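Here are a few exercises to work through with the model open on your screen. Have a go at each one before you read its solution.

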Amino acid sequence: AFAQIEKAATNAAGPLLESLRLVDVYTGANLGENKRSLTLRLVFRSPEGTLKDSDIDGPLQAVRAALTQIGGEFR
């Protein structure tokens, strides 16, 4: 369920995550039976200034790990 995905990603992303939004859901024969592809948009923001890629690398890796733990796959 998306609620499980949202909770896992939000918990893993940390305090810089401002919002998480489901952008697209794709289902097709090439994905396999009972599978769907979700596109998520994560917005990170810091009240202390502009974020660099290096500031977000760790949180994004944590989100990927959390989603993989609950059965997600990345394409």
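**Exercise 1.** Start with E18: is this residue buried, partly exposed or exposed?

*Solution.* First, the cut-offs: buried is under 20% relative accessible area, exposed is over 50%, and partly exposed lies in between (1.4 Å probe, protein chains only). E18 has 45% relative accessibility, so it counts as partly exposed.

Before going on, a word on the source: this is a predicted model, where local features need pLDDT of at least 70, side-chain atom pairs count only at pLDDT 80 or more, and totals for chains, interfaces and linings use all residues. Residues are numbered from 1 along each chain as its sequence is written, and side-chain values use heavy atoms, with hydrogens and water left out.

**Exercise 2.** Find the salt bridges (a side-chain nitrogen of Lys or Arg within 4 Å of a carboxyl oxygen of Asp or Glu), and say where the partners sit.

*Solution.* Step one: searching the whole structure turns up 2 salt bridges. Step two: R45 pairs with E18 at 2.7 Å, N to O. R45 is in the loop between β2 (37-44) and α2, while E18 is in strand β1, 27 residues apart. Helices (H or I, at least four residues) and strands (E, at least two) are DSSP runs, numbered from the N terminus. Step three: E73 pairs with K35 at 3.2 Å, N to O. Here E73 lies in the segment after α2 and K35 in the loop between β1 and β2, 38 residues apart.
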